[in-house]
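These are my notebook entries on a single structure. I looked up its helix ends, sheets and nonpolar cores in turn.

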Amino acid sequence: MVLFGSIVKLHVAALRGAVGCAAVKTSRNQVKILSRVKCSRQLVHWGPYKAVLYSTQALSNDIMVEYRHGLPIISLPLPSWRERCQFSIKPMLMTVGDFLHYIRDEDKGIDRATILNTDGVQVSVTTTMDTLLMNNFQLLINDITYNVHPPVREVVSREHVTQMEDVKTIVHRLHVALHLPTHQLFKERELLDKLADIKQQLHPLEEMKSRLIRKAEARTTRLLWAGLAILSVQGGALSWLTWWVYSWDIMEPVTYFITYGSAIGFYSYFILTKQDYVYPDFKDRQFLHYFYRGAKRQRFDVEKYNKLREELAMVEQDLKRLREPLELQLPIKQIEGKE
């Protein structure tokens, strides 16, 4: 009877521990699950009888960061699983936002995930994990706050920092040596395709422009020859009137007023054009006048043509810089100054 009574007491204690581990009754019809309680059990042998002992242990909110294979590992208890999940961190490549995004992807039951410093101030999502792991911080998941404790870093000497900078420089040069030729080839093909497309769009515009230039040149030349013919006829008429019809005494005032009228005409040209009456400038002005009037008639888009020409010049300049390795690090102004 004594042995039977001891076994009964063991089973009653086991049942009480199981009930305490699983749930706590809060009302007549409501039961609240203890999500923050860790249950453990132990099998006890007593002669031919067996007993199971249960105990409860609250989970700690302190999380220690461990380093494995050179990378920090953070083990977090996820609310939906009620189990710990390990997250491998890349300090130099990941930010706080990336870390929180990985946590939400792992457990869809997380509604809120935030990182705070020890003073309770929220840490920006753009902060790198390398900076975050320098000090202790708090991780807030839903309504639960975890205290994360990274290992204390050793003070790095100046010589070690210099060596690390040298290693980074060597790695960067190696990366450039391995990947730069492929990048240059890809960029050159892209620029060549763009150059061919621009030339294809410019081809019909160039033909139309050539026709307009020829017509404008012809009309400008005819105008200049017409001016020479008018001056020649004027000189011949004045000579005939002076020596065969009238005398110089009569024609002198006429020539004076003709000269004065020409001066008025030149001054009017300056007022209208804000330029001196110089023959090369007059020719260029008339050429542009005839060219734009013909472009309007032929529906030649001058703005589109100028834009394509600018793009063509930029693409050709980029190709030149790409094919000249020494000019890749120079700004465009210095390259143009060398030319």
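**Entry 1: helix 7.** I began at the start of helix 7, where a side-chain oxygen of Asp 301 comes to within 3.4 Å of the backbone nitrogen of Glu 303. I count a polar contact as a pair of N or O atoms within 3.5 Å; within protein, one must be able to donate a hydrogen and the other to accept it, and residues adjacent in sequence count only if both atoms are side-chain atoms. The model is predicted: local features need pLDDT of at least 70, side-chain atom pairs count only at pLDDT 80 or more, and totals for chains, interfaces and linings use all residues. Residues are numbered from 1 along each chain as its sequence is written, and side-chain values use heavy atoms, with hydrogens and water left out.

Helices (H or I, at least four residues) and strands (E, at least two) are DSSP runs, numbered from the N terminus. I then checked the length of helix 7 (residues 302-323): its 22 residues, at 1.5 Å a residue, should span 32 Å, and the end C-alpha atoms are 32 Å apart, which agrees. The expected span is 1.5 Å times one less than the number of residues. Among the buried residues of helix 7 are Val 302, Tyr 305, Leu 308, Gln 317 and Arg 321. Buried means under 20% relative accessible area, with a 1.4 Å probe and protein chains only.

**Entry 2: the sheet 5-11-10-9.** Which strands make up the open sheet with mixed pairing? I found four, in the order 5-11-10-9. Strand 5 (62-64) and strand 9 are the edges, each pairing on one side only. Neighbouring strands of this sheet are turned by 30° against each other on average, direction ignored. Axes are lines fitted to C-alpha atoms, for helices over the stretch in contact, and angles run from 0 to 180 degrees between N-to-C directions. I take two strands as paired if DSSP finds at least two bridges between them.

Strand 5 runs parallel to strand 11, joined by three bridges, and Ile 63 has Val 148 as its bridge partner. Strand 10 is joined antiparallel to strand 11 (residues 144-149) by five bridges, with Leu 140 opposite Thr 145. These two strands form a hairpin with two residues between them, and Asn 142 in the turn has a positive phi of about 55°. On its other pairing, strand 10 is antiparallel to strand 9 (residues 113-117) over five bridges, where Ala 113 is partnered by Ile 141. Four of the five residues of strand 10 (residues 137-141) are buried, so this strand is largely enclosed by the rest of the structure.

**Entry 3: the sheet 6-7-8.** I noted a second open sheet of three strands in the order 6-7-8, with antiparallel pairing. Strand 7 (residues 71-78) and strand 8 share six bridges; Ile 73 stands opposite Ser 88. Helix 2 (residues 96-106) lies across strand 7 and strand 8, at about 140° to strand 8.

**Entry 4: cores.** A nonpolar core is a set of buried Ala, Val, Leu, Ile, Met, Phe, Trp, Tyr and Cys residues joined through side-chain atoms within 4.5 Å. The largest has 25 residues, and those with the most contacts inside it are Leu 76, Phe 87, Phe 99, Ile 103, Ile 115 and Leu 139. Helix 2 supplies its largest share, four residues. Leaving aside neighbours within four places in sequence, the contacts of Leu 139 (heavy atoms within 4.5 Å) include Leu 76, Ile 103, Ile 115 and Val 148.

Key. Buried < 20%, exposed > 50% of the residue type's maximum accessible area, 1.4 Å probe, protein only.
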